[in-house]
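Reader: I would like to learn how to read the main features of a model. Can you take me through one, term by term?

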Amino acid sequence: MGFQVKRFITYLLFLFSVNAYSQSIALAVPVQNIELDGSFVDWPETMYWNSINNYYGSGEQSNEDFQARFSTGYDLDEGSLYIALQVLDDEFVGKNGNNHSTQDHMLLYLDLGHRMSGGSPVFYVGSDEVLEIHHKPGNYDETNHELTLENAELKRKRLGNLLQYEWKISVKKELVPHRVLGVDFMIIDHDVSEDSEDILLWKNGFG
């Protein structure tokens with residue numbers, strides 16, 4: 001088999017692998033002097049909003065009941081990744097104990113290496129008075145070892161039927177312009193009148 005044919009086949013395999021691992025893309029904008037308070041008034045007007053609309057649940061929800069969107073920013077001087085997440089929720093369940101599973105809460109997945117070969121990200125859990133970090137089992141990417149609970153800060157703010165999460169994650173040397181980081185979101189909604197929960201994901205599927 002000639003060199004040109006081999007190179008063409010390799011190129012096709014590369015295209016297939018890119019397609020098989022197709023990604024949703026969010027662009028982060030430079031930010032400065034962000035005060036972590038759950039308000040987005042100090043974010044730039046050029047922030048890009050990305051919809052989180054893969055819904056799992058009772059099937060009775062509507063866009064007026066439960067929807068979410070997020071934006072990302074970075075501060076090179078601080079070495080910090082910022083995430084603004086806004087949830088529209090018609091019924092808010094907040095401080096009702098120290099267990100996030102009974103509250104409206106979210107999971108923020110973060111993979112600093114984001115290698116095509118895969119690997120396990122970490123995820124942060126955030127709700128009222130709860131901030132946790134979990135390392136997923138499996139082929140653990142050592143790049144994510146440096147992520148600890150001390151790396152993350154979170155503030156939530158309720159504005160009418162909007163619940164706003166403002167995250168600051170210290171990633172230091174991993175924060176480089178044009179660098180690709182892996183992120184994902186799981187938004188969990190509880191209602192006072194029901195035991196079930198509704199979920200929004202950015203990337204479709206739980207794998």
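**Reading the fold**

Author: Start with the elements: the protein chain has 1 helix and 12 strands. Helices (H or I, at least four residues) and strands (E, at least two) are DSSP runs, numbered from the N terminus. This is a predicted model: local features need pLDDT of at least 70, side-chain atom pairs count only at pLDDT 80 or more, and totals for chains, interfaces and linings use all residues. Residues are numbered from 1 along each chain as its sequence is written, and side-chain values use heavy atoms, with hydrogens and water left out.

Reader: What pattern does the protein chain follow along the sequence?

Author: Read in order, the pattern is α-β-β-β-β-β-β-β-β-β-β-β-β.

Reader: How do I read burial, and what percentage of the 207 residues count as buried?

Author: Buried means under 20% relative accessible area, exposed over 50%, and partly exposed in between (1.4 Å probe, protein chains only). Here 43% of the 207 residues count as buried. Val 125 is a case in point: it lies in strand β7. Val 125 counts as buried because its relative accessibility is 1%.

Reader: And the surface of the protein chain as a total?

Author: Accessible areas come from the Shrake-Rupley method with a 1.4 Å probe; for residues, only the protein chains shown count as cover. The total is about 11,800 Å², and 52% of that belongs to carbon and sulfur atoms.

Reader: How should I read a nonpolar core?

Author: In soluble globular proteins, nonpolar side chains tend to be buried together. A nonpolar core is a set of buried Ala, Val, Leu, Ile, Met, Phe, Trp, Tyr and Cys residues joined through side-chain atoms within 4.5 Å. The largest one here has 28 residues, of which Leu 85, Trp 167, Ile 169, Phe 185 and Ile 187 touch the most other members. At least two residues of this core come from each of β4 (66-75), β5 (80-89), β6 (105-111), β7 (122-127), β9 (152-159), β10 (162-170) and β11 (182-190). A second, separate core has 9 residues, including Ile 34, Leu 36, Trp 43 and Tyr 82.

Reader: Which residues is Ile 169 in contact with, leaving aside its neighbours within four places in sequence?

Author: Contact means heavy atoms within 4.5 Å. The partners of Ile 169 include Gly 79, Leu 81, Leu 108, Tyr 124 and Ala 152.

Reader: How do I read strand pairing?

Author: Two strands pair if DSSP finds at least two bridges between them. Take β4. Strand β1 (residues 28-30) pairs with β4 in the parallel sense over 3 bridges, with Val 29 partnered by Gly 73. Strand β2 (residues 50-52) runs antiparallel to β4, also joined by 3 bridges, and Ile 52 has Ala 68 as its bridge partner. Between β4 and β5 there are 10 antiparallel bridges. These two strands form a hairpin with 4 residues between them, and Gly 79 in the turn has a positive phi of about 70 degrees. Since 8 of the 10 residues of β4 are buried, β4 is largely enclosed by the rest of the structure.

Reader: Which residues of β6 are buried on each side?

Author: In a regular strand the side chains alternate between the two faces of the sheet. In β6, His 105, Leu 107, Tyr 109 and Asp 111 are buried on one side, and Met 106, Leu 108 and Leu 110 on the other. β6 pairs antiparallel with β11 over 7 bridges, where Met 106 stands opposite Ile 187. β6 also pairs antiparallel with β7, over 5 bridges; there Tyr 109 stands opposite Phe 123.

Reader: What about strand β12?

Author: Strand β12 (residues 197-201) has 4 of its 5 residues buried. It pairs antiparallel with β11 over 5 bridges, and strand β3 (residues 54-56) joins β12 through 3 antiparallel bridges.

Reader: Last, how do I read aromatic pairs?

Author: Rings of Phe, Tyr and Trp (its six-membered ring) pair if their centres lie within 6.5 Å; planes under 30 degrees apart count as stacked, over 60 as edge-to-face and the rest as tilted. The count here is 8 aromatic pairs. The rings of Phe 40 and Trp 43 have centres 6.3 Å apart and planes at 70 degrees, so this pair is edge-to-face. Both residues, Phe 40 and Trp 43, are buried. Ring pairs link Phe 40, Trp 43, Trp 49 and Tyr 82 into a cluster.
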